[in-house]
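Subject: Structure for your files

Hello,

Here is the structure for you to look over. My notes follow below it.

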Amino acid sequence: MMSRCRSPFNITLILFLLGSLPLRAAAQKPVGDSALLPADGFSGNWKKNGPMKVFTSEDLYGHINGGAEAFLELGFEQLTVQKYRDGANELAVEIYRMTDPTAARGIYLARCGRETPDQALRERHTASRQQILLQRQRYYIVLYNTAGGAANAPMLVKAAQSIAPKLPADTPVPVLDVLPAAGLVPGSARVIRGPVSLQALYTLGDGDILQLGGKITGVGGDYKDARGSTTLIIVDYPTPAAVGAAFKHLTANLDTYLKPTASTGGFLVFQDYEKKYGVVTVAGRRLQVRLHLTKPPD
């Protein structure tokens, strides 16, 4: 009899707890950046087509096949996706909210290629018939001409014009100013916060070889002068001890295809498979790597 008395209470409690789970999940579901999306009728008869979708760091891989790592490493918060349709024409808007303007500029620079701006847009962007990539403050925005026709391309610009005034005011990305301007190849500057963004420039070793951890920010870029083409990587660490530890880790775990030719405290020279040289130097809190040198430093 006692078990019969307890059973209804336990079942009621379990059902209550199970019933509360969807409510909790719904309360925690991200709301997305719906306020930034173009409104229905932003141009002619263009209207939202289907529900808005929101992706977080946990499910970003489900939307970007093979490219999520770069976003997550640089600093990703949330992605809002919305499709639009006007008859047979369709376009898609993706609004990536990054953690800060440096992360947004970093992913933009990694993906924009040679910039071809449209005179109707003032924000940092590149435009083609197929897509527009745009970056402002901590937002990186992609607009796709999913129908593909040339006649549909102007709608990308109109959609971008609808979004831009809703974005927060742009701010500088000071870390990029660390790169010397003289000889820097236009469009080659990159933001580095871990192995994915570093390996887009050069493979120094496995894993987080520079010990950036997604929190320390470095920069890199290609240079060209009368002596040839080189690549420069600069990382400013929070303390001399941190840069010393990173240099020690790099020296001990240098990629096997890189052969050290000279090494002292805070100075490393190596030769790669192309018989070109790389030089790593440490000064204060700064670690600097110069790559693709045709001869070792004097």
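Predicted model: local features only at pLDDT ≥ 70, side-chain atom pairs only at ≥ 80, totals over all residues.

Alanine 283 counts as exposed, with a relative accessibility of 56% (exposed is over 50% relative accessible area, buried under 20%, partly exposed in between; 1.4 Å probe, protein chains only). Alanine 283 belongs to strand β13.

Residues are numbered from 1 along each chain as its sequence is written, and side-chain values use heavy atoms, leaving out hydrogens and water.

Helices (H or I, at least four residues) and strands (E, at least two) are DSSP runs, numbered from the N terminus. Two strands pair if DSSP finds at least two bridges between them.

The open sheet has 7 strands in the order β8-β9-β10-β14-β13-β12-β11, with antiparallel pairing. Its edge strands, β8 (190-192) and β11 (259-264), each pair on one side only. β11 and β12 (residues 267-271) are joined in the antiparallel sense over 5 bridges, and serine 263 stands opposite leucine 268 in β12.

Helix α4 (residues 153-163) is largely enclosed by the rest of the structure, because 8 of its 11 residues are buried. Among them are Met155, Leu156 and Ile163. The buried residues of α4 pack against β4 (89-98), β6 (131-136) and β7 (139-144), contact being heavy atoms within 4.5 Å.

Regards
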